[in-house]
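Please look over the sequence and the structure first.

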Amino acid sequence: MRAALLIYLGAIFVFVFAPILASVVFSFNSDRFPSIPLGSFTLHWYETAFADESPIREAFRNSLIVAVCAATLSTFIGFATAYTDYRYGFRFKAGYIALALLPPTVPLIILALAMLAWLSQLGLSGTLTGIVVAHTVLGAPFAMAVTRLRLSQMDPSLEAAAWNLGASEWGAMRHVVLPFCLPAIISAFCLTAAVSFDEFAVAWFVSGLNKTVPVAILDILQGNVDPQINAVGTVVFLTSMALVTVAQLLLMAKGRKA
Amino acid sequence: MRGSAYSMSQSSTAYKYTWRLPLLIWQAAFFVVPLIFLVVMSFWLVKNYRMQPDFVLKNWDKMFSRGYFWDAYWLTLGRAILASVLVSVVAFPASFALAFKVSDTTRRWAVFFLIIPFFTSYLVRIYAWQVILAEQGVINAMLGAVGIGTVTMLNSGFGAMIGYLTLTLPLVVILQTFSLAAVDRNLIEAAWNLGCGRARTIAAVIVPSARIGLILGAVFCFILSFGDFVAPYYLGGSKPPTLSILIIDTTKSGQQWPRAAVVAICMIVTLFTVAFAAIALAYGRPKK
């Protein structure tokens, strides 16, 4: 019984990781329609995708700008919200927390339409700023959750001790709370950067000509089978996996208490 | 806290609002208002490819009177329900194994690895499935090797289901695993001692005790599948369209944002109804 369950568990993991592995393998495979047996080894798809004039390059630059800006904003908002939840009680706090955590539960396609319409009214549609705005909405809840987890490991008397010793609130924040939360802040930054780097629905609706990587992939997908996607995808996988792994490792190393 | 200038509840106003306001301002301006605007816009009209403020029911009337809207609605609802049941059932044995049959360390690492795909390009993974499931793809090559002819898997409900599984399975396994691992082991012992068999213990003790996580997993699967357009488009063949595809078509090619808004609002209402019903079921009267 135990063996059967573990084999089943293994099969589930194969299902989850098969497309990722397949993409990596196909990206080095010469066949246009990859199948078994595999064709020969090639770097051709990488060369095509990352050639000088390739739209993919431009897309990577856009994605990088958007991810860094959105991650910075999300992390700040997430931290501020988590700290508010940790330290203060106030009226309508339940509503406040609900507002903080709700965005990821709204389907992206709906958010995409709402964002497109609203940002058009503000004159922000078709700009990278518009994408940053939307990705911050999506990222902040994750940053909030990650930071809140870390804060719940902080002894509340730590901050009070700093005040008693004469520190101002700002001083205690700078010398006690922020250092304690630093792993979570870096973790939140990586996680929200990954969220932004992967998001395609809102970015697709809002981006106009300023495409990010997932939007460029979507563009290629609308055409025929094109193994360039595997090459781009492999780079994207490695980037997001690295970000999410760092984010998780920082959170797991929680044993140390300040 | 004698002599302290502050306490956990007393705080200087500037300091307090520095932390409290960013979320309120940002999510009000770029989350709440856009969703409200979505509703407002559904009453506007498009003239010469531009939206003009108005207050008419024409868009609602147009969408609700079309057969293709209702076809899309029932198709999307049916598929999302099927996906929730299917993913929950497929995930359960794996979650069960993670909760009861492996060490804490293994479980932690398994969850670690299941979180990664959730943030890892869904689009590229769907493209990989497209290549794997194609008629000249890997699966058919393997089937051919054992003498089974070409099976068409793409552009069908089956293809869409593979997509929904790809999207939601890791999350559902994680939620189920947490809730199963939290079930009181004494209860299970007691059931064994009272002579319950394996199946009876699972059905009468484990599932009811873990029902919050199990239902939550199914609800998240429903929400994600109901709103997803990638699986139905690239693996499901896009025809007949789901509501998400209808939104894209109406927005992108027709420039009819107000009508797309009608579809979006119907989706939100459906999701809220399902989510609330499920939460009531999860936290409602404890089953005896």
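This is a predicted model: local features need pLDDT of at least 70, side-chain atom pairs count only at pLDDT 80 or more; totals for chains, interfaces and linings use all residues.

Residues are numbered from 1 along each chain as its sequence is written, chains are lettered from A and ligands numbered from 1 in the order in which they are written, and side-chain values use heavy atoms, with hydrogens and water left out.

**Chain A**

- Chain A has 11 helices and zero strands, where helices (H or I, at least four residues) and strands (E, at least two) are DSSP runs numbered from the N terminus.
- Along the principal axes, the C-alpha atoms of chain A fill a box of roughly 70 × 60 × 35 Å.
- Of the 258 residues in chain A, 55% are buried (under 20% relative accessible area; exposed is over 50% and partly exposed in between, with a 1.4 Å probe and protein chains only).
- Chain A is divided into domain 1 (1-42) and domain 2 (54-252), with bounds from an automatic or database domain assignment.
- The contact between them takes nine residues from domain 1 of chain A and eight residues from domain 2 of chain A, contact meaning heavy atoms within 4.5 Å.
- The centres of these two domains, taken over C-alpha atoms, are 30 Å apart.

**Second largest pocket**

- A pocket is an open set of points on a 1 Å grid over the protein atoms alone where a 1.4 Å probe fits, with protein on both sides within 12 Å along at least five of seven lines; lining residues have an atom within 4 Å of a point.
- The second largest pocket holds about 500 Å³ of space, a volume being the space filled by probe spheres set on the points, which are joined across faces, edges and corners.
- Among its 17 lining residues, A:L102, A:T105, B:I223, B:F272 and B:A275 are the closest to the centre.
- α13(B) gives the most to this lining, with six residues.
- The lining has 16 nonpolar, one polar and no charged residues (nonpolar: Ala, Val, Leu, Ile, Met, Phe, Trp, Tyr, Cys and Pro; charged: Asp, Glu, Lys and Arg; polar: the others, Gly among them).

**Residues of chain B**

- B:R107 lies in helix α4 (residues 104-118) of chain B and counts as buried at 15% relative accessibility.
- Not counting residues up to four places away in sequence, B:R107 touches B:L98, B:A99, B:V102, B:T177 and B:A181.
- B:C196 is buried at 15% relative accessible area, and B:C266 is buried at 11%.
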